[in-house]
Amino acid sequence: MNTLIPDLEQFQIEELGQTPAVNNPNSEVSFKVDIEPFRITRRFVVGILDESKKRGIAIAIYPATGEVCDVTNGGGVIGYLSAAPLNPGVPLPCELRLYRFGMNFVCSVWVRGEIFLYPAFSMDGNTRLTAFVGQESDSGGVNLSWSRLQLNVMDRPAAA
């Protein structure tokens with residue numbers, strides 16, 4: 001299944017961890033994971049979202065073309081990886097970062113060292129964020145492989 005603009009609902013999601021509430025108004029949330037796509041014609045998703053699954057970062061990557069899409073804000077394609085197609089079974093490092101400034105969260109996406117801009121959003125800092133990976137649903141039954149999971153919440157001093 002490969003639609004033009006992917007939606008989070010078309011993926012089988014595996015939750016990998018949850019942050020504590022991000023209470024400090026000057027903090028950073030970082031989610032790092034290596035994904036190993038097993039088929040280049042099947043998208044996978046990496047994300048860290050709040051309980052409503054409406055705030056945070058979620059990207060879908062299409063290994064055949066290197067297309068990177070925003071799947072939570074309706075943003076569609078946010079860029080392309082420079083070396084596509086991706087090789088099946090080769091780990092692809094992904095890092096999602098959220099920087100909190102008061103109620104605002106500024107985001108960045110890093111995939112294999114390439115940086116993609118992601119829409120900022122506002123959110124109550126008392127919300128916990130859930131990190132996840134997933135792949136497009138189909139009847140193939142092969143699970144997505146991931147490794148080197150790292151989920152951090154770091155307090156940062158306010159800029160003077």
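How many cavities of 30 Å³ or more does the structure hold?

Reply: Happy to! A note first: this is a predicted model, in which local features need pLDDT of at least 70 and side-chain atom pairs count only at pLDDT 80 or more, while totals for chains, interfaces and linings use all residues. Residues are numbered from 1 along each chain as its sequence is written, and side-chain values use heavy atoms, with hydrogens and water left out.

The structure holds one cavity of 30 Å³ or more; a cavity here is a set of points on a 1 Å grid over the protein atoms alone where a 1.4 Å probe fits but cannot get out. The largest cavity has a volume of about 40 Å³, taken as the space filled by probe spheres set on the points. Its lining (residues with an atom within 4 Å of a point) consists of Pro37, Phe38, Arg39, Arg42, Arg43, Phe44, Gln135 and Leu144.

Now to the strand that holds Thr130. Strand 10 covers residues 130-136; strands are DSSP runs of E, at least two residues long, numbered from the N terminus.

Seven bridges join strand 1 to strand 10, and Glu15 has Phe132 as its bridge partner in strand 10. Thr130 is buried, at 11% relative accessible area (buried means under 20%, with a 1.4 Å probe and protein chains only). Leaving aside residues up to four places away in sequence, Thr130 touches Glu15, Gly17, Gln18, Gly47, Ile48 and Leu49, contact meaning heavy atoms within 4.5 Å. With Gln18 there is also a side-chain polar contact of 3.1 Å; that term means a pair of N or O atoms within 3.5 Å, one able to donate a hydrogen and the other to accept it, and residues adjacent in sequence count only if both atoms are side-chain atoms.

At the other end of the sheet order, strand 5 (residues 67-70) and strand 6 (residues 76-80) run antiparallel, joined by four bridges. Val68 has Gly79 as its bridge partner in strand 6. Five residues lie between these two strands of the hairpin, where Gly74 takes a positive phi near 70 degrees.

Key:
Buried means under 20% relative accessible area, exposed over 50%, partly exposed in between (1.4 Å probe, protein chains only). Two strands pair if DSSP finds at least two bridges between them. On a 1 Å grid over the protein atoms alone, a cavity is a set of points where a 1.4 Å probe fits but cannot get out, and a pocket is an open set with protein on both sides within 12 Å along at least five of seven lines; lining residues have an atom within 4 Å of a point.
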